[in-house]
Amino acid sequence: MTIIHVFSRRRLWPLALLAATLAPAAALAAGYPQVTGARLAAAATDNGWLMFRRDYAGNSYAPFRQIDTANVKDLRLVWSYRSHLKEGYEGTPIVNGDYMFITTPKDHVIALNAVTGKVLWKYEKSLAGVALKTVCCDVVNRGVALYGNDVYLATLDNYVVALNAETGRVVWQRQIKPADVGYAMTLAPMTLKGMVIVGESGGEYGARDFIVALDARTGRELWRRYTIPAPGHLGGNTWPKGMYKHGGGSAWITGTYDPSTNTLFWGVGNPGPWLAKLRPGKNLFTDSLLALHPRSGKIKWYYQYTPHDSWDYDGVNTPVITNLRYHGRQYRAVVEANRNGWFYAIDRLNGKLIYAVRFTRATSVAGFRNGKPYTDNALRPTLTKQVFTCPSFLGGKNWWPISVDPLTHMAYVPTIHTCMTMKGAPTFYKAGLPYLGETFKVVHDPDDRNWGALQAINLDTGGQAWDHESALPWDAGAMSTAGGVVFSGSARGHLYAFDARTGRVLWRSPQLSSGIIAPPSTYIVDGKQYVAILAGWGGGTPIWGGQMVESVSNIPRGGHLYVFALP
Amino acid sequence: MRTRGLALALSILLAALGVQRGEAAGAPALFAAAQARAGRAVFEHKCAMCHGRRLQGLSGPALKGPLFASRKAGYTVRDIFLFLSVNMPAYAPGSLSAEQYVSVMSFLLQQNGFPAGRVALTAQAAATSTVALRYHGPAGRRGQHDRRASDCAAPGARAPSAGRTAPRRCKPLAAGAAGSARRVDAARSRPGAPERLR
């Protein structure tokens, strides 16, 4: 295996630390560019990468043309940074001016100079006394949000922490739930209209999850939207008596925002316990897309992707706001490649389905009637019946963000090809323990020996435009650029550049020190475009991947940030 | 050095109070030593990659120590056994034999300071045991355990300090839904004496 080291970080370490301790004055002098609401609204065209999926629409698309299909092969490593933590790295490097912020497993934040890689400060959330009992899919963090002069972090022990962007000092912190009793946070927060908005995980532990908006300046709670309604509220009658209290419905991936309709979109995860037999009903708003009033969290409409789910088909994939033309009609849409293996285009004005197409083998959700999905009830497990169905609970796609390119009008979708066996099992609710009621094993799709792919879907037809197959699962997010290049990383540890139109591989980085499960980001400082990616294998696949686990068990662990540019 | 001196003083004090080594821990013997040995092998092959060779926790949580087997978490042996024998290892839940699950449970008990005894743990016993799963100090050194590990207090006991919740009152453990298995009250059982859970 080739592992690239442009320079040894280890040797530079003491120097970097020394520089960091001496540097604050210099850093301050350079000045941190304030992140205003106006800048966030225009994040799509900012030179930095100001939020999780770059802009409120969630496109993961940058209008930069410097790196293009012709010269991308000349990309070189400019700097790198190694972290000592060995768990998974799922964070997007966030960039404002020449400040970069990355997060590591277990909630560390590191601020670096985006051009030189010099460490400016580090913050480590103290997790002393926290057992990390109720974190299903690795002790990951997906990055920070920015607003004003602050950097926001959501933690595994359910704190939202505001840090000063120049010093890393805590401005305020607020715990929205105790640790270890079913709730945890792994997502990148969203800053919107002076609020910090986060969502809780816990669909495997009998949590009753929620999305919460805090005042960005003080941490004061402004609204809380439970994703599982109590009796007497909209959807409350879709649960058997009392079951809503442990109904799951996690909200563990950052939402998106549409200014034209003033709507906040947020995905909701699976119901608890997993075994649907135990909770007759539609189980709203699990596996759904919520369209919310951003000021109150009130529900405008919802769309349920998987009714009465028994397969852990979290509907938390990033809902991307885009316009499309389907059968001659123009739509203002929100699109998403769902865990259940279907790619959905939904009218974002009213929540009506425009179309849904399979993007991988999908049998549990069998089809659509009047714009609503129906399931194959023969594929529902019971205590005595084992089923075989597709995709596995890891999904046709897991959380890895898709990218939507307005020029090609394609969605680039990280994909896994899996099926599973699943059977009911006894379960009981106990705070701190999983609440599943099923056993399972992830296996190959019988018709596809590859575990993964990155594919392009034509937004106007739902048809596949190109497909890059991979023997190993494709567990990393995608990013597209105006230079006609799509970037995404592989489990083997190569950052790939694809031709956005054809899927041809234009460039592949040397093998990095670990596999990639994070999305890349790109930014421009002093007229030069950079591409940043965190390598650091881990996440859900090596834990829950069943038959897939063996294929990835030799991937080296460890976190490493790499920044590339043209010479 | 200082801590060792302190520990020594503490053990003299405890001895003076008639608290014998191990007794304060109140951990009943629930498994045979050979089971814990077999359980270690199972653990290393099937669990360590996620929970750590020293059970310290990696992508999966720690399975040893005061954070895992805490009063706050309130687990019983039954809770943990039923969970792990159905849901672990995560990549292939339920895939081990009953014997392997019982031995890995024995290993977890041993690692959390429970003593081995003469009678082997059975799947039935593990699945019905309401013994509180508490950390009783490092395996094999139960004398110096964490006193807070006991899950209830005698009537009239005060909360240890301001801000901490008072320990639950001790009461005889009620026979639960699981039926006929004999309940073992952790506080009453003699250390080292094998408890027959049926």
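Visitor: Which residues of helix 4 of chain B are buried?
Guide: In this predicted model, the buried residues of helix 4 are B:Val77, B:Asp79, B:Ile80, B:Phe81, B:Phe83, B:Leu84, B:Ser85, B:Val86 and B:Asn87. Each is called buried because its relative accessible area is under 20%.

Visitor: What do the buried residues of helix 4 of chain B pack against?
Guide: They pack against helix 5 (98-111) and helix 6 (123-128) of chain B, together with strand 29 (438-444) of chain A.

Visitor: What makes B:Asp79 and A:Lys430 a salt bridge?
Guide: The closest N and O atoms of B:Asp79 and A:Lys430 are 2.8 Å apart. The cut-off is 4 Å between a side-chain nitrogen of Lys or Arg and a carboxyl oxygen of Asp or Glu. The pair therefore counts as a salt bridge.

Visitor: How many salt bridges does the rule find across the interface of chain B and chain A?
Guide: It finds one. For polar contact, the rule finds six residue pairs across that interface, both residues being at pLDDT 80 or more.

Visitor: How many residues does the contact take from each chain?
Guide: Chain A gives 27 residues and chain B gives 21. About 2000 Å² is buried between the two chains, with carbon and sulfur atoms giving 62% of that area. On the chain B side, B:Ser59, B:Leu67 and B:Tyr91 lose the most area to chain A, together 27% of what that side buries.

Visitor: Which residues touch the most other members of the largest nonpolar core?
Guide: That core has 109 residues, and the ones touching the most other members are A:Met100, A:Phe101, A:Ile197, A:Phe487, A:Tyr523 and A:Leu561. Strand 37 (residues 528-535) of chain A supplies the largest share of this core, six residues. Apart from it lies another core, of 60 residues, which includes A:Ala188, A:Trp252, B:Phe83 and B:Leu133.

Visitor: What does A:Leu561 touch?
Guide: Leaving aside residues up to four places away in sequence, its contacts include A:Trp79, A:Tyr81, A:Met100, A:Ile102 and A:Ile533.

Visitor: How many helices and strands does chain B have?
Guide: Chain B has six helices and four strands. From the N terminus on, the order is α-β-α-α-α-α-β-α-β-β. Of its 198 residues, 46% count as buried.

Technical notes: Residues are numbered from 1 along each chain as its sequence is written. Chains are lettered from A and ligands numbered from 1 in the order in which they are written. This is a predicted model: local features need pLDDT of at least 70, side-chain atom pairs count only at pLDDT 80 or more; totals for chains, interfaces and linings use all residues. Side-chain values use heavy atoms; hydrogens and water are left out. Helices (H or I, at least four residues) and strands (E, at least two) are DSSP runs, numbered from the N terminus. Buried means under 20% relative accessible area, exposed over 50%, partly exposed in between (1.4 Å probe, protein chains only). A nonpolar core is a set of buried Ala, Val, Leu, Ile, Met, Phe, Trp, Tyr and Cys residues joined through side-chain atoms within 4.5 Å. Contact means heavy atoms within 4.5 Å. Buried area is the accessible area (1.4 Å probe) that two parts lose on being put together, summed over both. A polar contact is a pair of N or O atoms within 3.5 Å; within protein, one must be able to donate a hydrogen and the other to accept it, and residues adjacent in sequence count only if both atoms are side-chain atoms.
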